[in-house]
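Biologist: Could you give me a close look at the aromatic rings and then walk me through what sits around them? Take your time and keep it in one piece.

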Amino acid sequence: MEFLLKFKLNQHLYVKDPESSDIGKTIVKNAIDLIYELGFEQFTFKKLSAKIHTTEATIYRYFTSKLRLLIYILNWYWSYLEFLSEMLIPSGTASCDKLKIIITIITHCQKEERRLMDYNLDHLHSIVISESSKSYLVKEVDTINKEMAFNPLKSLCRRISMIILEINPGYPYARSLASTLLETAHDQQFFSEHLPSLTNNTSHQQHKKYVLNYLNQLAFSAIK
């Protein structure tokens, strides 16, 4: 199933909204592909401009730095996951089942995989696994946070924590567990693929399924 998704993202992240023009959309789409290919450290606006046959100045008209562009991409991803959680959890679903669905979503194990016409979701997911911590483990994190640039991540975390409290209203660490599940979903998949001795995935295969099973065990053991 293919469809287009548009999310209104924080205006502090860009100079000009990339959704407002074809070149803006091209910048974001190809930035995702190039960061996936090269890694964030090796990614530059010069390389991106060469890939899309434009000038660096054109890219700077949309984003002041590659960090802001990365956070924009990640915000789109967090908004997408929250959209999926709304769409794939029917009203009346039992609380424990809600959490299981959320864990399936954040590990990309949902049965009906959505393909987006705008962006390569596999590349985007890989970027989140390997690069997302670089968006907040920076000196200017407090300034960026004051601009509410992490709101989509916070919103998704809040949604997960509310489900946790539905299961156990007295659980005192709902938001910490929610953010732990999100980060662990990325860290453990990265470790499973590249540093397997840091995990118990002895098969060295089915990395997503391994992380799915681990997060379910972690979440429900902690809550109950």
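Modeller: Let's start with Phe-45, which has 4% relative accessibility and so counts as buried (buried is under 20% relative accessible area, exposed is over 50%, partly exposed is in between, using a 1.4 Å probe and protein chains only). Tyr-60, at 42%, is partly exposed. Before going further: this is a predicted model, where local features need pLDDT of at least 70 and side-chain atom pairs count only at pLDDT 80 or more, while totals for chains, interfaces and linings use all residues. Numbering runs from 1 along each chain as its sequence is written, and side-chain values use heavy atoms, with hydrogens and water left out.

Now the rings. There are nine aromatic pairs in the structure; a pair here means Phe, Tyr or Trp rings (the six-membered one for Trp) with centres within 6.5 Å, called stacked with planes under 30 degrees apart, edge-to-face over 60 and tilted for the rest. One of them joins Tyr-14 to Tyr-72, edge-to-face at 6.1 Å between centres and 75° between planes. Tyr-14 comes from the loop between β1 (2-3) and α1 (22-38), and Tyr-72 from helix α4 (residues 66-88), so this contact ties together parts that are 58 residues apart in sequence. (Helices are DSSP runs of H or I with at least four residues, strands are E runs of at least two, and both are numbered from the N terminus.) Tyr-14 and Tyr-72 are both buried.

Back to our opening residues: Phe-45 and Tyr-60 are also edge-to-face, because their centres are 4.9 Å apart and their planes meet at 70°. Phe-45 belongs to helix α2 (residues 45-52) and Tyr-60 to helix α3 (residues 56-60), a link between distant parts of the chain, 15 residues apart.

Lys-66 puts its charged end over the ring of Phe-40, 4.6 Å from the centre; the cut-off is NZ of Lys or CZ of Arg within 6 Å of the ring centre and within 35 degrees of the ring normal. Likewise, Lys-100 lies over the face of Phe-220, 5.9 Å from the ring centre.

Since Tyr-72 sits in α4, here's that helix too. It has 23 residues and spans 33 Å from first C-alpha to last, close to the expected 33 Å at 1.5 Å a residue (the expected span being 1.5 Å times one less than the residue count). α4 is mostly covered, with 18 of its 23 residues buried.

Out in the loops, two backbone angles deserve a look. His-53, in the loop between α2 and α3, has a positive phi near 60° although it isn't a glycine, and at 74% relative accessible area His-53 is exposed. Gln-206 is in the loop between α9 (174-194) and α10 (207-223), with a positive phi near 45°, again in a residue other than glycine. At 54%, Gln-206 counts as exposed.

Last, the cysteines. The structure has zero disulfides, a disulfide being two cysteine sulfurs within 2.5 Å. For Cys-96, the nearest cysteine sulfur belongs to Cys-157 and is 19 Å away, which is too far for a bond. Cys-96 is partly exposed at 25%, whereas Cys-157 is buried at 12%.
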